[in-house]
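Please look over the sequence and the model shown here before reading on.

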Amino acid sequence: MLNKLENPERVTELNPKETLIKIGLSGHDVLCDIGAGTGIFTYAAAGITADTIYAIEISEAMREILHLKNNIPNVRIEDSVQKVPTDSCDVVLLCTVLHELDNIPAMMQEIKRIMKHNGVLAIIEFHKEVTPMGPPVERRISERETVETLSINEFVKIKGHKLGGNFYCLVFKQAKVY
């Protein structure tokens with residue numbers, strides 16, 4: 001798994017630091033990296049923000065890797081989003097996680113709970129087409145499907161861009177509920 005997540009081609013294409021900057025992460029923002037894996041976005045964020053970075057990872061093996069790499073005092077490694085304080089995050093990231101979720105509405109409720117009022121949610125997923133890396137096409141979620149899924153869960157797309165030939169990145173804000 002480590003070889004797959006830290007494949008140099010994958011990391012280059014995802015371009016974690018530049019992608020986080022494009023998403024809007026800045027010097028005093030709190031980030032929650034849900035499905036942090038080995039931490040390619042978590043530790044890139046440490047070069048951008050001096051505030052708290054939550055690395056959420058359900059896999060014990062991945063958390064062990066995160067702990068081995070972690071020499072940064074503002075990184076908090078947790079096994080559950082429920083451990084992140086309410087209204088604490090400026091940026092929430094799901095990198096190649098949405099297509100893996102069994103209960104998207106429950107996760108979206110947790111994300112809304114932890115996000116600050118003007119926070120953003122960034123979704124990075126594989127294009128829904130055959131690419132050199134990624135899950136089978138039938139397990140992928142297209143940009144359109146992602147926007148529809150997030151809309152149903154009261155999020156609106158504010159921007160998006162491609163990350164090379166394998167990935168796309170969409171950024172959302174919570175829809176205003178009156």
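## A residue and its contacts

Leaving aside residues up to four places away in sequence, Ile123 touches Leu94, Leu98, Thr146, Tyr168, Cys169, Leu170 and Phe172, where contact means heavy atoms within 4.5 Å. Ile123 is buried, with a relative accessible area of 0% (buried means under 20%, with a 1.4 Å probe and protein chains only). Ile123 belongs to strand β5, residues 115–126; strands (E, at least two residues) and helices (H or I, at least four) are DSSP runs numbered from the N terminus.

This is a predicted model, in which local features need pLDDT of at least 70 and side-chain atom pairs count only at pLDDT 80 or more, while totals for chains, interfaces and linings use all residues. Residues are numbered from 1 along each chain as its sequence is written, and side-chain values use heavy atoms, with hydrogens and water left out.

## The sheet

Seven strands form an open sheet of mixed pairing, in the order β3-β2-β1-β4-β5-β7-β6, and two strands pair if DSSP finds at least two bridges between them. The edge strands, β3 (75–78) and β6 (155–163), each pair on one side only.

Strand β1 (residues 31–34) runs parallel to strand β4 (residues 89–95), and four bridges join them; Cys32 stands opposite Val92 in β4.

## The helices across the strands

Helix α3 (residues 16–23) lies across β1, β4, β5, β6 and β7 (167–174), at about 150 degrees to β6. Helix α7 (residues 143–152) lies across β5, β6 and β7, at about 20 degrees to β7. These angles run from 0 to 180 degrees between N-to-C directions, with axes fitted as lines to C-alpha atoms, for helices over the stretch in contact.

Conventions: Buried means under 20% relative accessible area, exposed over 50%, partly exposed in between (1.4 Å probe, protein chains only).
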